[in-house]
Amino acid sequence: MLSYQDLQEVIVRPANFNKAERVQVQLAFEKLYQALGFENPRVICVSSPLELQMAIKRGLHKPIPFFPDSKAFSALERQLRESPKLIPINGKLWDLVSNQIARPLCLAFGDENGLEAHMSSLNPVFQELNVTLSRAIKTRLEADGLSPEPLAHHPNWFDLKWLSYYKAKLDQIPLAQELGKILDMGLMQAYCFDKLVLWTPKPSYIATEDNKLHGENHPSIYWNENFKLYHWNGVPVPAKLIESPQEIRKEDIEPIRNAEVRRSFLEKLGAERFSSLFDLQLVDSDIDLRGNRQSLYRSREIDPVAKEHLQFAQVICPTTQRVYFLTVPPHLQNVWEAVSWTFGKSSDEYQPEREV
Amino acid sequence: MQWRQGDVLIERIDDWVSDLKPTAERLLVRGEGRFHGHFIEGEVEVYENPTFEAENPISHYLKLLGPAELRHLHTESLQETGEHDTLKLAPGRYRVVRQREYNPYAKVISIIKD
């Protein structure tokens with residue numbers, strides 16, 4: 001399995017990404033469109049996957065929540081004035097890449113086992129990035145009552161997974177060479193109309209630690225100031241936690257239902273600050289089988305929204321030593337009642353022989 | 001007897017429950033957003049509990065026909081995550097209990113998905 005570090009050059013755009021790369025992408029798209037029998041399209045590069053979603057919606061004459069003030073969107077408006085009715089042709093590109101690039105490559109140079117192993121080695125990183133990006137886009141669009149537009153399956157940076165396997169052979173199939181150029185020049189996602197191609201490049205950087213997406217004090221994945229993602233040890237977290245942790249208030253933490261996200265808040269803020277946000281008092285504390293302290297904390301005041309005390313079991317993972325806070329009901333009186341309750345047990349029923 | 005691997009508790013049982021749904025899936029618990037999961041490996045029959053919910057957090061019943069292991073693996077590469085040691089389990093019958101927490105604002109109990 002290849003790590004983020006191994007794939008750094010594949011998953012981020014070229015360091016010198018600029019107009020020359022965009023021209024290369026345009027020329028390569030022209031070749032693909034010619035092969036389909038279409039005229040050369042206008043090819044517009046937008047600066048992030050979020051702007052790509054806006055551009056696609058604009059091309060489809062759907063409402064968009066904001067109109068980016070950029071040369072790319074001005075060019076899109078010019079295109080829409082020239083040809084108001086654009087026809088999506090993502091399916092035709094799919095056919096072209098499948099039938100005239102992937103299949104010939106496979107027939108001429110294919111080695112099914114080798115290709116499968118090659119793709120498997122790239123899959124974890126690509127899958128994780130895809131899930132992270134899809135969730136971020138969905139969340140941002142849903143905040144405006146919108147949903148994501150489907151993208152072109154080809155070209156898409158996922159094509160790198162199989163195309164890179166045939167890298168030394170691409171010059172033998174001209175269209176494969178053009179697709180290779182598009183991806184090498186930095187394309188991440190695209191949407192193809194009959195007279196227009198919209199595309200966005202890969203992020204300008206991806207930050208990791210121990211092969212997990214992580215940015216101590218900065219974004220973990222960065223396209224531009226309007227679209228950047230944040231992670232803490234692989235866990236997606238809000239920008240505020242990383243950029244301005246001093247401004248975190250209990251209202252930011254209370255709605256979080258994911259234990260890993262809450263753990264990230266605790267790790268970034270530190271246990272003391274985390275507890276202080278809730279004004280907790282220690283109710284009970286004991287040592288578990290592995291010598292780790294487990295504690296039960298309760299908010300000093302009745303929470304005005306919950307209309308009851310907030311109560312937290314603070315537990316330590318025996319393997320990783322990570323500290324977790326789990327919310328438990330306020331009627332529980334001691335730490336073992338609380339930990340047992342998290343597994344639906346009474347403290348008499350919860351007696352694990354071993355914890356890992 | 002009970003053993004715990006992170007947010008999963010596994011209990012040896014003597015009795016058995018009817019109306020369980022057999023499954024070929026060996027990934028018992030999939031983590032949310034991190035590509036990690038708890039896998040059972042060995043000569044094992046796995047049954048889903050159709051009444052699994054936060055109030056009754058037993059997600060699976062297991063019949064171990066030989067020695068088996070509960071492992072915490074990366075769901076793509078199937079390599080050890082290093083976050084939880086492997087638990088070795090003797091042949092027998094077991095149930096898998098998920099960890100849960102309480103939402104004081106919604107007054108609901110929910111299964112933890114880490």
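In strand 7 of chain A, I221(A) is the bridge partner of I206(A). The two strands involved are strand 4 (residues 205-206) and strand 7 of chain A, which run antiparallel and are joined by 2 bridges. Strands pair if DSSP finds at least two bridges between them. Helices (H or I, at least four residues) and strands (E, at least two) are DSSP runs, numbered from the N terminus. I221(A) also has a bridge partner in strand 8 of chain A, namely L229(A). Strand 7 and strand 8 of chain A run antiparallel, with 3 bridges between them. They form a hairpin, and 2 residues lie between the strands.

The model is predicted: local features need pLDDT of at least 70 and side-chain atom pairs count only at pLDDT 80 or more, while totals for chains, interfaces and linings use all residues. Residues are numbered from 1 along each chain as its sequence is written, and chains are lettered from A and ligands numbered from 1 in the order in which they are written. The model scores ipTM 0.95 and pTM 0.67. Chain B has a mean pLDDT of 90, and 96% of its residues reach 70 or more; pLDDT is the predictor's confidence in each residue, from 0 to 100.

Chain A holds 13 helices and 15 strands. Of its 356 residues, 37% are buried. A residue is buried if 20 or more other C-beta atoms lie within 10 Å of its own, exposed if 12 or fewer, and partly exposed in between, with C-beta atoms placed from the backbone. Contacts in chain A with a separation of 6 or more were also examined, and 57% of them join residues 24 or more positions apart. Two residues are in contact if their C-beta atoms, placed from the backbone, lie within 7 Å.

Helix 3 (residues 49-59) of chain A is largely enclosed by the rest of the structure, because 9 of its 11 residues are buried. Among them are P49(A), L50(A), E51(A) and R58(A). The buried residues of helix 3 pack against several elements of chain A, including helix 4 (71-82), helix 6 (112-142), strand 7 (221-224) and strand 8 (227-229). Just after helix 3 of chain A, H61(A) takes a positive phi of about 60°.

Two packed helices are described by the angle between their axes and the distance between the axes. For helix 2 (residues 19-36) and helix 5 (residues 90-109) of chain A, the axes come within 11 Å and cross at roughly 90°. Helix 2 and helix 5 of chain A are therefore roughly perpendicular to each other. Helix 2 of chain A contributes L32(A), A35(A) and L36(A) to the contact, and helix 5 of chain A contributes K92(A), L93(A), L96(A) and Q100(A).

Between the chains, the contact takes 35 residues from chain A and 33 residues from chain B. On the side of chain B that touches chain A, strand 1 (2-5) and strand 9 (100-103) of chain B are the elements that give two or more residues. Strand 1 of chain B pairs with strand 15 (residues 352-355) of chain A in the parallel sense, over 3 bridges. Within this pair, W3(B) is the bridge partner of R354(A).

Definitions and conventions: Axes are lines fitted to C-alpha atoms, for helices over the stretch in contact, and angles run from 0 to 180 degrees between N-to-C directions. Angles under 35 degrees count as roughly parallel, over 145 as roughly antiparallel, 65 to 115 as roughly perpendicular and the rest as oblique.
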